[in-house]
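This report describes the metal sites and the nonpolar packing of one model. The sequence and structure are shown first.

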Amino acid sequence: MSRTTAPLLRVLVLGSGTSQGVPMIGCRCPVCLSRDPRDRRTRASLYVDEGTLPFLIDTATDLRAQCLREGISDVGAVLYTHHHADHVLGLDDLRRFCELRRERLPIYGPAATLEILARMFPYAFDSKTQMATYVRLLPHPVEGPFPLGRFIVTPLPVPHGHVTTFGYLLECAGRKLLAYLSDCQAVPENILSAIRSVEVLIIDGLRDEPHPTHLTAEQAVKIAAHAEARQTYLTHLTHHKSHRDREAGLPGGVGVAFDGLTIILD
Ligand SMILES: [Zn+2]
Ligand SMILES: [Zn+2]
Ligand SMILES: [Zn+2]
């Protein structure tokens, strides 16, 4: 059946893998050798299309390949979660979107993250020397809710080892549409209340073994239940379990993200 109106929100999982991706270089484990395309996981990021201002959450190391794979030809803004390499090293690939839009791309995130990005990629932030075909960014450090396209975006500070990362909550007309918590070791009570009854939760569910900076799949499932999320997807996944085996052990309402997963909200 063809659509007569554009969806309110289309969320595309560009990458669902942990920092090294799956398969891992040189690994011969069954998951790294799997022929299931869902076991090929690039580094974690999202593409969010809401009709007027398509934006990314993070510029993962694999950004160029992800955009080519998904046919993405427009990005109007980026939300950054934190400065770890897997989430930022695709930054230079934004140059093509700056070129196509002929403008500096607004980027949002924790002040500390944007300062680190400005040190890592000084040319992208230098308004004097940048050429039209270079990546050109306009940093917006954020702490509280801010408007973006049709949404109100609320940063969700969560612990991730020694770093505090931002998750993000997207709301529109009083609906909590999406919460994205890609890298976290816990979800504090105030963040749980902020995302309570969210329609879609995409959350760090790294692996079964406890990890000092990430949630296990079991912890993520418990948090999803506490938050009363209507639909949850685990992301930032390692090679320790195949997509199929991971999915088999999950309760109703909880699934496993994969590269290319598209979630439509009307
Ligand atoms: Zn990460
Ligand atoms: Zn492996
Ligand atoms: Zn991280």
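Why does the arrangement of the four donor atoms around the zinc ion (ligand 3) count as irregular?

## Zinc ion (ligand 3) and its neighbour

The model is predicted. In it, the four donor atoms subtend angles of 89 to 175 degrees at the zinc ion (ligand 3), and the arrangement is therefore irregular. The tetrahedral class requires all angles to lie between 85 and 135 degrees. The donors are H82 through NE2, H84 through ND1, H160 through NE2 and D183 through OD, at 2.1 to 2.6 Å.

Along the chain, these donor residues follow the pattern H-x1-H-x75-H-x22-D. H82 belongs to the loop between β4 (77–79) and α2 (85–88), and D183 to the loop between β10 (175–181) and α6 (189–195); the pair is 101 residues apart and links distant parts of the chain. Both residues, H82 and D183, are buried. D183 also coordinates the zinc ion (ligand 1), which is 3.5 Å from the zinc ion (ligand 3).

## Surroundings of H214

H214 is located in the loop that runs between β11 (200–204) and α7 (217–226). Its relative accessibility is 7%, so H214 counts as buried. The contacts of H214, leaving aside residues up to four places away in sequence, include H160 and D183, both of which are donors to the zinc ion (ligand 3). Among the other residues touched by H214 are C184, Q185, Q219 and H236. A polar contact of 2.6 Å joins the side chains of H214 and D204.

Ideal angles for four tetrahedral donors are 109.5 degrees.

## Nonpolar cores

The largest nonpolar core holds 32 residues, of which L9, L46, F55, L79, L148, L170 and I202 touch the most other members. Strand β9 (residues 163–172) supplies the largest share of this core, with four residues. Beyond four places in sequence, the residues touched by L79 include F55, I57, Y108, F146, L148 and Y168.

Terms used:
Residues are numbered from 1 along each chain as its sequence is written. Chains are lettered from A and ligands numbered from 1 in the order in which they are written. This is a predicted model: local features need pLDDT of at least 70, side-chain atom pairs count only at pLDDT 80 or more; totals for chains, interfaces and linings use all residues. Side-chain values use heavy atoms; hydrogens and water are left out. Helices (H or I, at least four residues) and strands (E, at least two) are DSSP runs, numbered from the N terminus. Buried means under 20% relative accessible area, exposed over 50%, partly exposed in between (1.4 Å probe, protein chains only). A polar contact is a pair of N or O atoms within 3.5 Å; within protein, one must be able to donate a hydrogen and the other to accept it, and residues adjacent in sequence count only if both atoms are side-chain atoms. Contact means heavy atoms within 4.5 Å. Donors are N, O and S atoms within 2.8 Å of the metal (3.2 Å for Na, K and Ca); water is not among the atoms, so sites may look incomplete. Four donors count as tetrahedral if all angles lie between 85 and 135 degrees; four count as square planar and six as octahedral if opposite donors are over 155 degrees apart and all others between 65 and 115; anything else is irregular. A nonpolar core is a set of buried Ala, Val, Leu, Ile, Met, Phe, Trp, Tyr and Cys residues joined through side-chain atoms within 4.5 Å.
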